[in-house]
Amino acid sequence: MIEESDIVPLLEPREGIPPVVNDTEGLAEAIRALAAGTGPVAVDAERASGYRYSGRAYLVQLRRAGSGTVLIDPIGLPGLGELAAALDGAEIVLHAATQDLPCLTELDFRPKVLFDTELAGRLLGYERVGLGTMVETVLGFRLEKGHSAADWSTRPLPIEWLRYAALDVELLVELRDALHQQLADAGKLEWAREEFAAILAAPPAPPRTDPWRRTSGIHRVRTLRGLAVVRELWTLRDRIAREADLAPGRVLPDAAIITAALEMPRTTKALTEISPFTNRAARRHLREWLGAITRARMMPDSQLPQPSGPGDGPPPANRWADRDPAAAARLAAARAAVAALADEHHMPTENLLQPDAVRRLTWDPPEDISEEGIAARLRELGAREWQIALTMRPLSKALIRLRTKA
């Protein structure tokens, strides 16, 4: 355990802050340098979440032994496909890979071998798995994390932001090496490899059905007419935000949409009494906002949105006791079995077995609840083989015990 007094602040990259690569000649040179390096490649990407509509990468950082650190501004470049080809077969080290892989994929950078230091930390039972905390806990260095929520679409990027970005990959390979050894010592290395492969093999998330229903505070809207206002305003806001490449909340916050759905203002004056409609981004669209509310107010009943129906999975677990007490008992028993096993292996229950798989298994269990039957059902639900091997016996025992009692 590293003592607080032994932690060293990491204030500067070892080789200094490299120049930003932002043209094809610089990219070709960076590709040659990284291809000449050895071992795993640390990668990170900076987005402008909360500022821009898109999830694109505005800076990509890479570091490899023998190559040093490379900072790439991808905005004016044709993509990073040539870089990915030059690194073909190299292990790519990311922290919280599922956050960065979509924007890297947009740039045609698709890793074939992955090591996710955040997920490794979860499997090893670390309570806090942010990059800064992991580097501090495992390696004894303190990173400055003050610019993680910055607007990375800013140009030119301030020198202090570039320093922060370079430091994010400065020790990522060293962190990977330490966690790799800990996984091997704990007998969890193969589990981690299965998890990393599953991340790379996962298909893109399908588009959400009725995404407007995720507007924060929508539970306060009790009428179908009010839901129509939410839908019309959300759809208009999404179009405006997409065309301007602004985060939707910067155009109009969710709270303003909900207030308008509750109050249904009929005039511009009434609309501007809802203060967010007077901010600079929203004010220029006042006529459109009012038009959207008017459309919802005048909409025929047949076109009003209906209350959201059940999804394709089980109902919320807090309703099981009323709807199906036997299923609620199965869920409680299964959760207890998984929690005990997770404690034994020092990891969060959700990493031992996905909560959705536990819910689906216990809401609609297979007729065969032997170990083989449970294994087959978990496989259908997307559980990894290491998860199945660990959980099929305790889950089978728990469900058989309940069935026997019944």
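At what angle do helix α8 and α20 pack, and how far apart are their axes? I looked this up: α8 (residues 189-201) and α20 pack at about 125°, with axes 8 Å apart. Axes here are lines fitted to C-alpha atoms, for helices over the stretch in contact, and angles run from 0 to 180 degrees between N-to-C directions. That makes α8 oblique to α20 (under 35 degrees is roughly parallel, over 145 roughly antiparallel, 65 to 115 roughly perpendicular, the rest oblique).

I noted that this is a predicted model, where local features need pLDDT of at least 70, side-chain atom pairs count only at pLDDT 80 or more, and totals for chains, interfaces and linings use all residues. Residues are numbered from 1 along each chain as its sequence is written, and side-chain values use heavy atoms, leaving out hydrogens and water.

Next I listed who touches whom (contact means heavy atoms within 4.5 Å). Trp191, Glu194 and Glu195 of α8 meet Glu385, Trp386, Gln387 and Leu390 of α20.

Then I turned to the sheet. I found six strands in an open sheet, ordered β2-β5-β4-β3-β6-β7 with mixed pairing (a pair needs at least two DSSP bridges; strands are DSSP runs of E, at least two residues, and helices are runs of H or I, at least four, numbered from the N terminus). β2 (20-21) and β7 (113-116) are at the edges with a single partner strand each, so one side of each lacks a neighbour in the sheet.

I followed β3 (residues 38-46) too: seven bridges join β3 to the antiparallel β4 (residues 59-65). Ala42 sits opposite Arg63 in β4.
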